[in-house]
Amino acid sequence: MNFDFTEEQLMIQETAREFAQAEIAPTAIERDKQAIFPAEIVKKLGELGFLGIMVDPKYGGAGMDTISYILAMIEISKVDASLGVIMSVNNSLVCTGLQKYGSDYIKENYLTKLATGEKLGAFALSEPEAGSDATKQHTTADREGDYFVLNGIKNWITNGTTADYYLVMATSDKEKGHHGISTFLVEKDTPGFTHGKKEDKMGIRSSDTCSLLFENCKVPTKNIVWEEGKGFNFAMNILNGGRIGIAAQAVGIAEGSLDAAIKYSKERKAFGTEISNFQAIQFKLADMAVKVDAAKLMTLRAAALKDKGEKFYKEAAMAKLFSSTIAVECALDAVQIHGGYGYVREYQVERYLRDSKITEIYEGTSEIQKMVIARALLR
Ligand code: COS
């Protein structure tokens, strides 16, 4: 596998790096503290083409590949994982979902606005009683003429209070099990659709997460994505790609932790010298660097397979499982290297630790990734 990046890929990486340092870093601590959604930054991300990186330019996207997307995700998440997840959901779950499975009507009316950042998207699969066991969708969609009437609750929805368009999985035919689930594109102001309170989270606090409530919410039949009964397959296929995005987010957190630990260890003095001169610190840094590199390579491999049109779901699950595990480990090590300073907000690494944990949970827990990998091995 060749990882000599093209000029275009390097350019997007550099643009993301500069943007993250100049526009995201200065407010990251305060937004985390106050749980402020970065509306202005998200708007600028859209203007840079970072909200529709893989979307065909015909629909307002940047027309880049998954590798470019991964490189950008790493740079953004290295500075602020909240921006990483906002970007990831819009790109991997919503835009890719609509580009791959949306009708011409949906692409023309919705995808273009999402890819340019004029509108923001959300993906609603999880429910109070359907998290890992995602086939058990309790939200219902009953047909009434040219509409489906949605009733139910969705949980843990990223961009929940701020999105304009929501991809909602709901059971339209109870008799057919998961083959009776469909995906509906729901606009934010549709009557009968409201959201619950914003969750007060441990990490990624600058991204907004909430539940969604549907009470006799009428959605036009033409807003079905793919076709009736394909909603579960849609969610699974799209989540495979989403997991590469979350793996990249985790790589970003891990790399950010390593960078912070290197910087601090070269500045902090103890026992008459910089702590970077101590083997205890050096070995930690070396271990962190090996983990970051391995996670990045696994994530790029999954992205490269996807770009080649080959099967990638096992490799995506492996990349997410490994990258999220090492993100937590690297953030913990960075806190330890910082000592007391690692435990206070000013030095950022405590945020990396809080942010890292969610990568082991959303878009399929680590246990679900192991299930996916094992099933692929035993097939
Ligand atoms: N990629 C594509 N299709 C997949 C898939 C994958 N990774 N995993 C399962 N599927 C498909 C199967 O091929 C099957 O399709 P058909 O019935 O059309 O042949 C269907 O999904 C059901 O699969 P299965 O019978 O294996 O269902 P299970 O309930 O045993 O397991 C898991 C499904 C657990 C793999 C699924 O529910 C899952 O991924 N859960 C986690 C959901 C998740 O990531 N939630 C996060 C929400 S977004 S924050």
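Q: Is the crossing of α4 and α6 left-handed or right-handed?
A: In this predicted model, α4 and α6 cross in the right-handed sense. The contact involves Ala81, Gly84, Val85, Ser88, Ser92, Leu93, Thr96, Gly97 and Tyr101 on the α4 side. On the α6 side are Phe234, Asn237, Ile238, Leu239, Gly241, Gly242, Gly245, Ile246, Gln249 and Ile253. Sorted by class, the residues of this contact are nine nonpolar, ten polar and no charged.

Q: What is the angle between α4 and α6, and how is it read?
A: An angle over 145 degrees counts as roughly antiparallel. For α4 and α6 the angle is about 155°, and the axes lie 9 Å apart. The two helices are therefore roughly antiparallel to each other.

Q: At what angle do the axes of α1 and α2 cross?
A: Helix α1 spans residues 7–34 and helix α2 residues 39–47; their axes cross at roughly 160° and come within 11 Å. By the cut-off of 145 degrees, α1 and α2 are therefore roughly antiparallel to each other.

Q: Which residues make the contact of α1 with α2?
A: From α1 come Phe19, Glu23, Ile24, Thr27 and Arg31, and from α2 come Ile41, Lys44 and Leu45. Their classes are four nonpolar, one polar and three charged. The crossing of α1 with α2 is left-handed.

Q: How many cavities of 30 Å³ or more are found in the whole structure?
A: Rolling a probe the size of a water molecule over the atoms shows where empty space is left. Here the search finds two cavities of 30 Å³ or more. The largest cavity has a volume of about 50 Å³.

Q: Which residues line the largest cavity?
A: The lining consists of Met54, Thr66, Tyr69, Ser92, Thr96, Gly241, Gly242, Ile244 and Lys306. Helices α3 (66–79), α4 and α6 each give two or more of these residues, and α6 has the largest share, with three. Ser92, Thr96, Gly241 and Gly242 also belong to the contact between α4 and α6.

Q: What is the volume of the largest pocket, and how many residues line it?
A: The pocket has a volume of about 1,200 Å³. Its lining has 45 residues, and Gly131, Leu239, Arg243, Glu363 and Gly364 lie nearest the centre. These 45 residues divide into 22 nonpolar, twelve polar and eleven charged.

Q: Which elements each supply at least two residues of the lining of the largest pocket?
A: They are α4 (81–101), β3 (147–158), α6 (231–267), α9 (349–358) and α10 (366–378). The largest share, six residues, comes from α6.

Terms used:
Residues numbered from 1 in each chain as written. Predicted model: local features only at pLDDT ≥ 70, side-chain atom pairs only at ≥ 80, totals over all residues. Heavy atoms only, no water. Axes fitted to C-alpha atoms, helices over the stretch in contact; angles between N-to-C directions. Helix = DSSP H or I, 4+ residues; strand = E, 2+ residues; numbered from the N terminus. Parallel < 35°, antiparallel > 145°, perpendicular 65-115°, else oblique. Left-handed = near helix turned anticlockwise from the far one by under 90°. Contact = heavy atoms within 4.5 Å. Nonpolar A, V, L, I, M, F, W, Y, C, P; charged D, E, K, R; others polar. 1 Å grid on protein atoms, 1.4 Å probe; cavity = no way out; pocket = protein on both sides within 12 Å on 5 of 7 lines; lining within 4 Å. Points joined across faces, edges and corners; volume = space filled by probe spheres on them.
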